[in-house]
Amino acid sequence: MSTLIIERELISESRLPQINFSELRFGDIFSDHMFEAHYYDGQWQDFKLKPYGPVPMPPSANILHYGQGVFEGMKAFNYKNEKAAIFRPKKHYERFTNSCRRMNIPEIPEELFIQGITAVVETDRNWIPKEKYKSMYLRPFVVATDQFLGLKTSDTYSFYVIAGPVGNYYREGINPVKLTTMPEYVRAVRGGVGDAKVPGNYAASLLPAHKAQEMGFTQVMWLDAIEKKYIEEVGSMNMFFVIDDTIITPPLGGSILPGVTRRSVIELAQSWGINVEERRISIDELISSFENGTLTEAFGSGTAAVISPVGLIQHNDTTILLDQENMGPVAQRLYDTITGIHHGIVEDENNWCYLI
Ligand code: COI
């Protein structure tokens, strides 16, 4: 990997002393620096680490009107109080590249992606919370910047990396969340952009999520767009069910985001000898396995969500009531192992952590 020449403009006074690390939420604090690069004349150039702050954006920029953009969600952890660990950056890069291809955005070279992130993590390493279960969230993203209101692929783009310390994603912390299906809305359909990490997928989920929250649920559990029957994902996480001691998760069929934590859950569970099935699971099958007592756990996985237990799933008039207080044993083992690997407490047998 060749080393990029990155211009560095550092802040004169850090905002770090103002941060209360004991009360971290998700996504509302940003570290001192950010990284940027720009694409014009057919190449990525002008690599710069600079103070976190607003980005210049012409009001006619493509991203503001047609949403040609892609983002990733990654995390850096305090690793044995010695280093910073980024979890599976190559897997995130692969997904980022696939998302860029789907949105017709010129690929970002791997060295630009990795070295841009590394520049921010190295410079702002004191922003990584020391405590287990906390981390520094990393948000690389690319936006189309052509000033043109006709609908066309942009010729110019900007790539940014911003970062900030985070605690739990859900306000429930790691307590079980409550989900509801909402068959009148769909998240994605095969051939669309459901398997790409693009802003529109998330924007389209906001109204149904708002309605779900008004009814007392944490999030919507999406069903497939065609038959409104098969479970897909939860927008902020992929879904897993433990039925008859087998872990079942919906397959990646083009409408589900290929989660990096999802893949890690599958690989870990298989290495423990647990049977894992990536297959379609209908809401009716879920209800009948609840009714006959074989459904013992449901949980979600995601970079922000890590492993989040699900305590209740509502579908029309049927309520699937699981443990309302605690993580089930499978979710707990996965949570302890994955967070342990993040912080260097559990051996990283698969070399998932990239150490800085
Ligand atoms: C992530 O898990 O990194 C995401 O991007 C999900 C988002 C809703 C925070």
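**Close-up views of the ligand site**

View 1. An oxygen atom of the ligand comes within 2.7 Å of an N or O atom in the Lys197 side chain. A polar contact here is a pair of N or O atoms within 3.5 Å. On its own the ligand exposes 290 Å², of which the protein buries 89% (Shrake-Rupley areas, 1.4 Å probe). This is a predicted model, with local features needing pLDDT of at least 70, side-chain atom pairs pLDDT 80 or more, and totals for chains, interfaces and linings using all residues. Residues are numbered from 1 along each chain, and side-chain values use heavy atoms, without hydrogens or water.

**View 2. Meet the shell around the ligand.** Among the surrounding residues are Phe26, Phe71, Gly73, Tyr169, Ser236, Thr303 and Ala304, each with a heavy atom within 4 Å. The shell has 5 nonpolar, 3 polar and 2 charged residues, with Tyr counted as nonpolar and Gly as polar.

View 3. Domain 1 (7–167) and domain 2 (177–340) both contribute shell residues, so the ligand lies between them. These bounds come from an automatic or database domain assignment.

Terms used:
Polar contact = N/O pair within 3.5 Å; in protein donor to acceptor, adjacent residues only side chain to side chain.
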